[in-house]
Amino acid sequence: MKNKNQIYLLSLSIVTIQVLWSHCQVPCGIYDDKARISAMTEDVATIEKATKNIIELTEKTDTKSQNQHTRWIMTKEDHAQKIISTISDYFLTQRVKPDHKDYNRRLAEHHAVMINAMKTKQNTDLELVNNLKESIEKISGYYP
């Protein structure tokens with residue numbers, strides 16, 4: 001009986017975490033657009049720092065540097081994916097509405113954030129990081 005309760009609680013907590021992560025698609029009506037823009041801006045800063053460190057560590061062959069190089073790559077990937085998830089799971093599903101007069105433009109601009117985030121995953125070009133920053137700044141105007 002004790003194991004059944006533990007399994008139930010574990011299952012419930014996994015479901016709860018998933019619901020909280022995706023905010024929440026109930027719809028709950030609780031939105032904090034500024035917080036999400038701020039989080040994505042922080043993610044870009046992390047991607048930029050990671051990219052600079054990856055470039056710096058590329059030529060080093062000692063194991064400590066190689067380990068750090070790998071960790072920076074993983075960090076860059078994670079933060080770019082966070083941005084993609086925020087755009088798709090929050091903004092495109094809940095905040096960009098078909099009844100907006102400029103719906104197609106908003107859709108394209110939010111999609112550009114996702115594309116730019118994907119490109120930062122695939123490359124270590126700081127210009128791509130700047131493009132990502134600019135695309136986030138562009139959509140931030142929709143969420144004063």
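Reader: Which residues do ring pairs link into a cluster?

Author: Tyr 90, Phe 91, Tyr 142 and Tyr 143. One caution before we go on: this is a predicted model, where local features need pLDDT of at least 70, side-chain atom pairs count only at pLDDT 80 or more, and totals for chains, interfaces and linings use all residues. Residues are numbered from 1 along each chain as its sequence is written, and side-chain values use heavy atoms, with hydrogens and water left out.

Reader: How do I read a ring pair, and how many aromatic pairs does the structure hold?

Author: A pair of aromatic rings is described by the distance of the centres and the angle of the planes. Rings of Phe, Tyr and Trp (its six-membered ring) pair if their centres lie within 6.5 Å; planes under 30 degrees apart are stacked, over 60 edge-to-face, and the rest tilted. This structure holds 3 such pairs. Take Tyr 90 and Phe 91: their centres are 4.8 Å apart and their planes sit at 85°, so that pair is edge-to-face. Phe 91 also pairs with Tyr 143, at 4.7 Å centre to centre and 45° between the planes, which makes a tilted pair.

Reader: Where in the chain do Phe 91 and Tyr 143 sit?

Author: Phe 91 is in helix H3 (residues 63-95) and Tyr 143 is in the segment after H5, so the pair links distant parts of the chain, 52 residues apart. Helices here are DSSP runs (H or I, at least four residues) and strands are E runs of at least two, numbered from the N terminus. The protein has 5 helices and 0 strands.

Reader: Are Phe 91 and Tyr 143 buried or exposed?

Author: Both are buried. Buried means under 20% relative accessible area, exposed means over 50%, and partly exposed is in between (1.4 Å probe, protein chains only). Phe 91 comes out at 0%, and Tyr 90 is buried too, at 3%. Of the 144 residues of the protein, 33% count as buried.

Reader: What lies over the face of Tyr 90?

Author: Arg 36, at 4.1 Å from the ring centre. The rule for a charge over a ring is NZ of Lys or CZ of Arg within 6 Å of the ring centre and within 35 degrees of the ring normal.

Reader: Now the core: how many residues does the largest nonpolar core have?

Author: In soluble globular proteins, nonpolar side chains tend to be buried together. A nonpolar core is a set of buried Ala, Val, Leu, Ile, Met, Phe, Trp, Tyr and Cys residues joined through side-chain atoms within 4.5 Å. The largest one here has 20 residues, and Met 40, Ile 83, Leu 132 and Ile 136 have the most contacts inside it. H2, H3, helix H4 (103-122) and H5 each give two or more residues, with the largest share, 6 residues, coming from H3.

Reader: What is Ile 83 in contact with?

Author: Contact means heavy atoms within 4.5 Å. Leaving aside neighbours within four places in sequence, the partners of Ile 83 include Met 40, Ile 47, Leu 132 and Ile 136. Ile 47, in helix H2 (residues 33-57), is buried at 0% relative accessibility. Ile 47 also touches Val 129 and Leu 132, among others.

Reader: And which side chain does Ser 135 make a polar contact with?

Author: A polar contact is a pair of N or O atoms within 3.5 Å; within protein, one must be able to donate a hydrogen and the other to accept it, and residues adjacent in sequence count only if both atoms are side-chain atoms. Ser 135 makes one with the side chain of Asn 116, at 3.3 Å. Ser 135 is found in helix H5 (residues 126-140) and is buried, at 8%.
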